[in-house]
Amino acid sequence: MNLAADVPGLTVWGIVSCFLGFCFLMTKKILLIQDDDSSCRIVQQGLELYGYQVFAANRGDEGLILAVTESPDLILIDIDTPVVNGWQVIKILKSSKATWLTPVIAMAERSVDSRLLLQTGFDAYYRKPVSLRHLLLKV
């Protein structure tokens with residue numbers, strides 16, 4: 001059985017652990033921080049269809065709590081989230097011992113300077129509106 005070919009999504013983020021001859025597929029966790037409920041649902045459902053476990057937050061402060069309590073493998077954040085925006089969230093995530101190694105992808109309007117996103121600490125970025133198809137190619 002070729003797990004990489006047989007299991008959708010088991011490329012970059014999939015992990016297969018073998019212990020005493022038994023292989024276990026560990027679901028990768030993604031934290032999605034986005035205030036637009038309809039876009040959030042579409043992205044969440046699309047990721048879940050490919051086997052990812054998705055935790056969603058509508059505000060940056062809620063996302064920070066989930067980042068620590070759920071230890072996601074990847075964080076997707078809209079930089080325009082309310083209460084604590086994406087710029088503030090990335091600074092907190094990258095300064096915390098619990099989350100500084102977690103990859104964070106920004107979702108930003110075209111008017112936001114891409115160099116600024118990367119210099120601030122985001123590992124990558126997508127322009128809004130985010131295409132689920134393109135997003136799945138990256139995760």
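Predicted model: local features only at pLDDT ≥ 70, side-chain atom pairs only at ≥ 80, totals over all residues.

User: Does Lys128 count as buried or exposed?

Analyst: A residue is called buried when its relative accessible area is under 20%. Lys128 has a relative accessibility of 16%, and therefore counts as buried. If neighbours within four places in sequence are set aside, Lys128 is in contact with Asp78, Asp80, Met107, Ala108 and Glu109.

User: How should I describe the protein as a whole?

Analyst: One begins by listing the elements. The protein contains six helices and seven strands. Along the sequence, they follow the pattern α-β-β-β-α-β-α-β-α-β-α-β-α. Of its 139 residues, 37% count as buried. The protein exposes about 8,100 Å², and 57% of this is supplied by carbon and sulfur atoms.

User: What share of the contacts between residues at least 6 apart in sequence joins residues at least 24 apart?

Analyst: The share is 55%.

User: Let us turn to the strands. Which strands pair with strand 3, and in which sense?

Analyst: Strand 3 (residues 29–33) pairs with strand 4 (residues 53–57) in the parallel sense, over five bridges. Here Leu32 stands opposite Ala56 in strand 4. Strand 3 is also joined to strand 5 (residues 74–78) by four bridges, and these two strands run parallel. In that pairing, Ile30 stands opposite Leu74 in strand 5.

User: Why is strand 3 said to be largely enclosed by the rest of the structure?

Analyst: The reason lies in its residues: four of the five are buried, so strand 3 is largely enclosed by the rest of the structure.

User: Through which helix does the chain cross from strand 3 to strand 4?

Analyst: The crossing passes through helix 2 (residues 37–49), and this β-α-β crossover is right-handed. In the loop between helix 2 and strand 4 lies Gly51. With a relative accessible area of 43%, Gly51 is partly exposed. The C-alpha atoms of Gly51 and Lys28 are separated by 7.9 Å, although the two residues are 23 apart along the chain.

User: How does one read the faces of a helix?

Analyst: The general idea is that an α-helix has 3.6 residues a turn, so residues three or four places apart point the same way. Consider helix 3 (60–70). Its buried residues are Gly60, Gly63, Leu64 and Ala67. Seen down the axis of helix 3, they fall within an arc of 105°, so they line one face of the helix. Ile65 and Thr69, on the other side of helix 3, are exposed.

User: Against which elements do the buried residues of helix 3 pack?

Analyst: They pack against strand 3, strand 4, strand 5 and helix 4. Just after helix 3, Ser71 takes a positive phi of about 45°.

User: Which residues of helix 4 are buried?

Analyst: In helix 4 (residues 86–95), the buried residues are Gly86, Val89, Ile90 and Leu93. Around the axis they cover an arc of only 100°, which puts them on the same side of helix 4. Lys91 and Ser95 are exposed on the other side. The buried residues of helix 4 pack against helix 3, strand 5, strand 6 (104–108) and helix 5 (114–120).

User: What is found at the start of helix 4?

Analyst: There, a side-chain oxygen of Asn85 reaches to within 2.9 Å of the backbone nitrogen of Trp87.

User: Which residues does Thr120 touch, not counting residues up to four places away in sequence?

Analyst: Thr120, which is in helix 5, touches Trp87 and Ile90. Its side chain also reaches the backbone oxygen of Leu116 at 2.6 Å.

Definitions and conventions:
Residues numbered from 1 in each chain as written. Heavy atoms only, no water. Buried < 20%, exposed > 50% of the residue type's maximum accessible area, 1.4 Å probe, protein only. Pairing = 2+ DSSP bridges. Right-handed = clockwise from strand over helix to strand, strands pointing away. Contact = heavy atoms within 4.5 Å. Areas by Shrake-Rupley, 256 points an atom, 1.4 Å probe, with all protein chains shown as cover. Arc of directions from axis to C-beta. Polar contact = N/O pair within 3.5 Å; in protein donor to acceptor, adjacent residues only side chain to side chain.
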